Amino acid sequence: MTQFGDKAHNFLRAHAFTFMIINYCLYIIVGAAVLMILEQPEVNLLVEEVRDLKARFLADNPCVDESRLDRLLLKVIEASKRGVAALKSDSDECNFDFTSSLFFATTFLTTTGYGTTVPLSDEGRLFCVLYCLVGIPLTMLLLSCLTHALLPWVTHTPIQNLQVYWGLSHNHAALLHCSVLGFCTATLFFLLPAGAVCLLENDWSYLESLYFCFISLSTIGFGDYLPGRTQSQAAHQGLEFATSCYLMLGLVVLLVVLESFWELQQVQAVLRFFTGPREGELLGAGLDELVLSGDLADPEEEPQYTLPISTISPAFSNSPATPTIELLPDLYPSTEENPDPSPDLCQSTSTA
């Protein structure tokens, strides 16, 4: 029966995993279809607007050759993709001064990569490859170490305090803590920064600012929105430095939040359903109330938990309390050959 149950469970797990993959593929297809429906009309309108402006310009300036104008526009677009603002009147902007280079290195190492500043020389591209071969794993290691260092203070200790002072179970305390932590993170790192960016960038709406914050901390970094482009050079550098600090701090906080949610029993139950049981620490379980039995030398045999053989309780009398060993029932059933269920164990009692 045990082998049949294991086979049935493995069968359900395999089908559930296949079902999850199919649903994920369908999710991607639905997302692509929705984006096509929503964005294609906007793209067509923008193309018509640009073509209309070009036609008007050629009509107003008949001496301008259309092919030469197209080459100029293509060059400007190519420069813009590489982070060079060729159409700005204030040509004092430098994309690779120290502040913008620091911003570029931060976004590169955090894999955000807005794409507004890119290396133009072959030597710069080669340096970026070698630099990130070491820098990206080092950044991931640093973020992981910071996350595990902060997790006991941010997650484990508050959950224990909720259990001790509020009398909640470990599961309920973890759910409450993760809910509060998620709300505070959303407020401090998405809603409030979006409002600040909206105030700094007059031509941005609050939704656009919130979109920028989400794209940044999710390390997607499209680069279509970046604060400071319409500001002065000093303000632009200040916003780049502030964005670098926001990225590093926000990534650490998000990793702590995700790790906290990852330790929830519901999430672990879903993971075990798809991947099977795994050896690890039992979070929230009172191991002092359990006795591990079975031969653990065999790695294929799963550990089993049984009740303790005996409990120790004090015997109350006129003399000082002494511990008394009370045998639990049915653990040592009496037989004809052995009427005493525990001949080797004695019960110490106090005398008057």
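These questions and answers concern the salt bridges of a predicted model.

Guide: Local features here need pLDDT of at least 70 and side-chain atom pairs 80 or more, while totals for chains, interfaces and linings use all residues. Residues are numbered from 1 along each chain as its sequence is written, and side-chain values use heavy atoms, without hydrogens and water.

Visitor: How many salt bridges does a search of the whole structure find?

Guide: The search finds four.

Visitor: Why is the pair Lys54 and Glu66 called a salt bridge?

Guide: The term requires a side-chain nitrogen of Lys or Arg within 4 Å of a carboxyl oxygen of Asp or Glu. The closest N and O atoms of Lys54 and Glu66 are 3.4 Å apart, so the pair qualifies. Helices are DSSP runs of H or I with at least four residues, numbered from the N terminus.

Visitor: What makes Lys54 partly exposed?

Guide: Buried means under 20% relative accessible area, exposed over 50%, and partly exposed in between (1.4 Å probe, protein chains only). Lys54 has 22%, so it is partly exposed.

Visitor: What makes Asp122 exposed?

Guide: Asp122 has 56% relative accessibility, so it counts as exposed.

Visitor: Why is the pair Arg125 and Asp122 called a salt bridge?

Guide: Their closest N and O atoms are 2.7 Å apart, so the pair meets the cut-off. Both residues lie in helix H4 (residues 122–166), three residues apart, about one turn of the helix.

Notes
Helix = DSSP H or I, 4+ residues; strand = E, 2+ residues; numbered from the N terminus.
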